[in-house]
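Please walk through this protein fold step by step. Start with its sheets, then turn to the helices, the rings and the pockets.

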Amino acid sequence: MQEIEIAQSPLKSINPTDYTISIRLRPGGFCFSLYSKSSREFTSLYNVAADNANDAIAILERIGIKGEEFNQVFILDDCEKWTLLPANLEGADLNAVWELNFGAKPATTISETTLNTAGSKCLFEPSEGALGLKAHYANAKLCPLQMADIAYALQASQTAPGGFMGLDIRDKQMCLYVANNGRLQLANAFGYKTPTDLLYFVMNTLRTFQLKQDEVCVELWGKIPDTTLQLIKQYIKHVSVAEPNKKFDYVSGIKKLTNRHEFYDLFNIALCAL
């Protein structure tokens, strides 16, 4: 994991009550950003290797982040098991829902979050690392990073008259989101082996939702091989790589990063959480 440290000022000297810290867990480490509510600016970005929650906590404290004193703390968990439910579904047996979706009883306590996801709430199984951080930071809110994906897609779809498709690309898996006029139509994860497999899921989804190849806006984030990007561009007219949201300001170090799209969820958690 490439370690990145960008900070506008020493973290120990900032007023933590003005800041939201968003921590995103990934295999082999974590990254986090600091957002100032008063200046509407992302002032810091760190991408750090860590083996477990205790390592992550030790690193955060070493650079001046205790956690409890911050205005808000969000933990974005890269969950493998998650599903969306209608937000107004009351009295449902969550264990039954879990077994229906994944065919087995949950190994850990089921969690749910109701961040702004267009009338849906998310049911998910948090990782050990996320639970460890949540136990340490009493005021932390835990949610799967897919919620940031969805909030991003919903906002982007409001200015995409031909519909919007967002692709969060990992090494062998992608999360795919379709939204139209601020309404969520699809949120799902697909495993793939080759860029051609990925393209198959994209084209099949376009057909399913009757989205036109020359009108739909497709946006990619995560770790995007050039071969994958170029392949999709051969079939879809409007394809782009995610950029930090223009609603907010960013320190110069963040603006200069060539791989800003890998951290888009940290830059846009404000859309669904602040």
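In which sense do S7 and strand S8 (residues 120-124) pair, and over how many bridges? They pair in the antiparallel sense, over three bridges. The model here is predicted: local features need pLDDT of at least 70, side-chain atom pairs count only at pLDDT 80 or more, and totals for chains, interfaces and linings use all residues. Residues are numbered from 1 along each chain as its sequence is written, and side-chain values use heavy atoms, with hydrogens and water left out.

Some terms come first. Helices (H or I, at least four residues) and strands (E, at least two) are DSSP runs, numbered from the N terminus. Two strands pair if DSSP finds at least two bridges between them. Strands of a sheet pair through backbone hydrogen bonds, either parallel or antiparallel.

Now place S7 and S8 in their sheet. It is an open sheet of three strands, in the order S6-S8-S7, with antiparallel pairing. Strand S6 (82-86) and strand S7 (111-113) are the edge strands, and each pairs on one side only. Neighbouring strands here are turned by 30° against each other on average, direction ignored. Axes are lines fitted to C-alpha atoms, for helices over the stretch in contact, and angles run from 0 to 180 degrees between N-to-C directions.

Another open sheet has five strands. Their order is S12-S11-S10-S13-S14, and the pairing is mixed. At the edges are strand S12 (183-191) and S14, each pairing on one side only. Neighbouring strands of this sheet are turned by 15° on average, direction ignored. S10 and S13 pair in the parallel sense, over six bridges. Leu167 has its bridge partner in S13, namely Leu220.

H4 lies across S10, strand S11 (173-180), S12 and S13, and runs at about 35° to S11. Helix H6 (residues 226-233) lies across S10, S13 and S14, at about 160° to S14. Contact means heavy atoms within 4.5 Å.

Next, the aromatic rings. Rings of Phe, Tyr and Trp (its six-membered ring) pair if their centres lie within 6.5 Å; planes under 30 degrees apart count as stacked, over 60 as edge-to-face and the rest as tilted. The count comes to 13 aromatic pairs. One of them, Phe32 with Tyr46, is stacked, at 4.9 Å centre to centre with 5° between the planes. This pair links distant parts of the chain: Phe32 is in strand S3 and Tyr46 in strand S4 (residues 41-49), 14 residues apart.

Finally, the pockets. On a 1 Å grid over the protein atoms alone, a pocket is an open set of points where a 1.4 Å probe fits, with protein on both sides within 12 Å along at least five of seven lines; lining residues have an atom within 4 Å of a point. The largest pocket has a volume of about 950 Å³. Its lining has 38 residues, and Leu25, Arg26, Pro27, Gly28 and Asp78 lie nearest its centre. Strand S2 (19-26), strand S3 (29-36), helix H1 (53-62) and strand S10 (164-169) each give two or more residues to this lining.

The second largest pocket has a volume of about 350 Å³. It is lined by 18 residues, and those closest to its centre are Tyr152, Gln155, Ala156, Thr159 and Glu219. S14 gives the most to this lining, with four residues.

How values were computed:
Grid points are joined across faces, edges and corners, and a volume is the space filled by probe spheres set on the points.
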